[in-house]
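This briefing sets out the architecture of one predicted model. Please read it alongside the sequence and the coordinates.

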Amino acid sequence: MTRADGYLLDNQQTEAGQRFDAFATLFDPTTFRHLERLGAGSGWRCWEVGAGGTSVVSWLAKKVGPTGKVVATDIDTSWAASVARSPVEVRVHDVGAEEPPGEGFDLVHARLVLVHVPDRERALRSMIKSLRPGGRILVEDADPALQPLLCPDEYGPEQQLANRLRQGFRKLLAERGADLAYGRKLPRLLREAGLRGVEADAYFPVTSLACATLESATIRQIRDQLVTAGLATQEEIDRHLANVAAGSMDLATAPMISAWGRKN
């Protein structure tokens with residue numbers, strides 16, 4: 001992430017843990033499939049950028065074993081502190097402003113991080129720089145502009161309200177420097193950086209309990225900002241949260257685009 005006072009989704013808030021759990025449920029299978037394909041294994045040195053929660057770090061730690069190393073970094077490491085034991089090293093680090101926390105990594109991974117980093121170009125260069133020759137990078141980021149709706153099937157007032165609040169969320173993100181079309185750029189950016197074997201795919205959950213959990217936690221986390229900006233009223237937010245809790249809406253996420261490549 002970035003050390004910016006305007007970062008919308010503060011890890012210190014209670015809802016952050018709920019969001020991390022929802023992300024793990026929604027996206028870990030996709031992330032782990034890609035990491036397996038890239039060959040993550042015993043003895044590897046890995047850098048997990050913007051670690052946030054613990055699920056990916058813990059998975060990597062098991063893969064690399066006692067002879068490997070996982071450096072987990074974030075601007076706020078409070079949630080990752082629980083896994084700070086060998087082979088995991090947890091560091092406070094700003095990927096968009098500081099030098100890499102090491103070099104010669106076999107693997108660098110970031111999920112839903114760079115879209116929020118103002119100097120994401122520098123961050124990506126830093127991640128690639130830290131790789132050894134032949135090292136792999138996997139960058140996974142959302143593309144809210146590609147699919148901007150919370151309810152793709154907008155058939156009633158509940159769905160219309162949900163999509164209006166999602167539009168407000170996107171507006172707040174953009175005002176804080178998020179690139180809402182970043183995910184689609186990843187394959188090109190990796191090629192332009194000189195990586196080989198660049199490929200990408202996307203995952204787009206349309207409805208699940210985890211999508212509802214994520215939406216509820218996100219709206220609770222940003223409700224004051226939505227109201228202050230005039231994007232919603234407290235009554236509208238309460239009504240939307242009740243609609244989400246009722247479980248009658250199909251709630252989607254923005255597509256998460258995963259792109260990977262190998263350093264020469």
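In what order do the seven strands form the open sheet? The order is S3-S2-S1-S4-S5-S7-S6, with mixed pairing; strands here are DSSP runs of E with at least two residues, helices are runs of H or I with at least four, and both are numbered from the N terminus. The model is predicted, so local features require pLDDT of at least 70 and side-chain atom pairs count only at pLDDT 80 or more, whereas totals for chains, interfaces and linings use all residues. Residues are numbered from 1 along each chain as its sequence is written, and side-chain values use heavy atoms, with hydrogens and water left out.

- Strand S3 (88-92) and strand S6 (196-203) are the edge strands, each pairing on one side only; two strands pair if DSSP finds at least two bridges between them.
- Direction ignored, neighbouring strands of this sheet are turned by 15° against each other on average.
- Six bridges join strand S4 (residues 105-111) to strand S5 (residues 131-142) in the parallel sense.
- Within this pairing, Leu107 stands opposite Arg136 in S5.

**Helices on the sheet**

- Helix H1 (residues 15-37) packs on the sheet and touches S4, S5, S6 and strand S7 (256-262), contact meaning heavy atoms within 4.5 Å.
- The direction of H1 makes about 155° with that of S4; axes are lines fitted to C-alpha atoms, for helices over the stretch in contact, and angles run from 0 to 180 degrees between N-to-C directions.
- Helix H3 (residues 120-129) lies across strand S1 (45-49), S4 and S5, and runs at about 145° to S5.
- Arg120, Ala123, Leu124, Ser126, Met127 and Ile128 of H3 are buried; buried means under 20% relative accessible area, exposed over 50%, and partly exposed in between (1.4 Å probe, protein chains only).
- These buried residues of H3 pack against S1, S4, S5 and helix H5 (186-192).

**Asp119**

- Asp119 is placed in the loop between S4 and H3.
- Its relative accessibility is 37%, and Asp119 therefore counts as partly exposed.
- Asp119 and Ala200 are 81 residues apart along the chain, and their C-alpha atoms are separated by 22 Å.

**Helix H7**

- The buried residues of H7 are Glu236, Ile237, His240, Leu241, Asn243 and Val244.
- They lie on the same side of H7 because they cover an arc of only 160° around the axis, the arc being that of the directions from the helix axis to the C-beta atoms.
- The face turned away from the buried side of H7 carries the exposed residues Ala245 and Ala246.
- Just after H7, Gly247 adopts a positive phi of about 75°.

**Packing of H4 and H7**

- Helix H4 (157-175) and helix H6 (209-228) are among the elements that cover the buried residues of H7.
- The axes of H4 and H7 come within 10 Å and cross at roughly 120°.
- Glu158, Leu161, Ala162, Arg164 and Leu165 in H4 meet Glu236, Arg239, His240 and Asn243 in H7.
- Glu236 has a relative accessible area of 15% and is therefore buried.
- With neighbours within four places in sequence left aside, Glu236 is in contact with Leu161, Arg164 and Leu165.
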